[in-house]
Amino acid sequence: DMNQRKILLLICLAVVLSASFFVVSSRRTPKDTGRLKVVTTVWPVYVLARPVVAEKTDIYNLTSQLADPHNFAIKPEMVSLLASADVLIKNGAGLETWVDGLLESVGNKKLKIIDLSQGIQVLMDKQNLADPHIWLDPVLAGESVKKIGDSLAELTGDQEYQVNALAYGASLASLSRDISEKFIPFKQREYIAQHPAFIYFARR
């Protein structure tokens, strides 16, 4: 029925966090524009960062949109991209187990790293392993957006990053309220997921 369709739509929105608005390739060929160069590790982090950096900053994503962040082959262009980057934004919480080795091989001493999981209480799954899927909670996603805005503003002295983060955070807060309202009838129900990634979303 119509209510079920609305609920399904809200789930999709929470999972992709409005990724459909950013159809421009995140892996276009880097050019030396003289602007701040920001690199994200995985697609969900790119989706959180893209509205914050807007059009005044060059932003690239290391992995493809459908890549498995747990298991993929590191490519030479990733090394080249990080070697010239100013900022790396990662999810953290054990999601990108490959990134430390990659950074060591790159040796970019000026690279500032923003770890979105720092300061967040990371939940544990049934195997007592850290669940890194923090972006599936709209509230935590909003905190991540604020962290990106604050970090870039501190680095550059440009407050526009914080303004952008505030606007994007407001839309995520609205999404969170909408989800909470629509899911009230399902508070005490069990669910089946294809991937153990929805602890944060279910808690919210």
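**View 1. Glu55 counts as exposed, at 58% relative accessibility.** Exposed stands for over 50% relative accessible area, buried for under 20%, and partly exposed for the range in between, computed with a 1.4 Å probe on protein chains only. The model is predicted, so local features are taken at pLDDT of at least 70 and side-chain atom pairs at pLDDT 80 or more, while totals for chains, interfaces and linings use all residues. Residues are numbered from 1 along each chain as its sequence is written, and side-chain values use heavy atoms, with hydrogens and water left out. Glu55 forms a salt bridge with Arg50, and their closest N and O atoms are 2.8 Å apart. A salt bridge here is a side-chain nitrogen of Lys or Arg within 4 Å of a carboxyl oxygen of Asp or Glu. Arg50 has a relative accessibility of 13% and therefore counts as buried. By this rule there are seven salt bridges.

**View 2. Lys56 and Glu160 form a salt bridge, with the closest N and O atoms 3.0 Å apart.** This pair links distant parts of the chain, 104 residues apart: Lys56 is in the loop between helix 2 (43–53) and strand 2 (58–61), and Glu160 is in helix 6 (residues 160–182). Helices and strands are DSSP runs numbered from the N terminus; helices are H or I with at least four residues, and strands are E with at least two. Lys56 is partly exposed at 30% relative accessible area, and Glu160 is partly exposed at 36% relative accessibility. Lys56 and Glu160 also belong to a network of salt bridges that includes Asp158.

**View 3. Within helix 5 (residues 138–156), Lys146 and Asp150 lie four residues apart, about one turn of the helix.** They form a salt bridge in which the closest N and O atoms are 2.7 Å apart. Asp150 has a relative accessibility of 27%, so it counts as partly exposed.

**View 4. Strand 3 (residues 87–90) pairs with strand 1 (residues 37–40) through three bridges, and the two run parallel.** Two strands count as paired if DSSP finds at least two bridges between them. Thr40 has Ile89 of strand 3 as its bridge partner. Four bridges join strand 3 to strand 4 (residues 112–115), and these strands also run parallel. The partners in strand 4 are Ile113 for Leu88 and Ile114 for Ile89. From strand 3, Val87 and Ile89 point one way, and Leu88 and Lys90 point the other way; all are buried.

**View 5. The path from strand 3 to strand 4 goes through helix 4 (residues 99–106) as a right-handed β-α-β crossover.** Right-handed means that, with the strands pointing away from the viewer, the path from the first strand over the helix to the second runs clockwise. Ala93 lies in the loop between strand 3 and helix 4. The phi of Ala93 is near 60 degrees, a positive value in a residue other than glycine. Ala54, in the loop between helix 2 and strand 2, has a positive phi near 55 degrees. Most residues other than glycine have a negative phi.

**View 6. Trp43 and Tyr46 both lie in helix 2, three residues apart, about one turn of the helix.** There is one aromatic pair by the ring rule. The ring centres of Trp43 and Tyr46 are 5.0 Å apart and the planes are at 25 degrees, so the pair is stacked. Rings of Phe, Tyr and Trp (its six-membered ring) pair if their centres lie within 6.5 Å, with planes under 30 degrees apart counted as stacked, over 60 as edge-to-face and the rest as tilted. Both Trp43 and Tyr46 are buried.

**View 7. Gly119 is found in the loop between strand 4 and helix 5.** Gly119 has a relative accessible area of 85% and is therefore exposed. The C-alpha atoms of Gly119 and Glu143 are separated by 9.7 Å, and the residues are 24 apart along the chain.

**View 8. Over residues 17–25, pLDDT stays under 50.** pLDDT is the predictor's confidence in each residue, on a scale from 0 to 100. For residues 17–25 the model has 18 contacts beyond four places in sequence, a contact being heavy atoms within 4.5 Å. Where pLDDT is low, the predicted coordinates should not be read in detail. The chain averages a pLDDT of 83, and 79% of the residues score at least 70.
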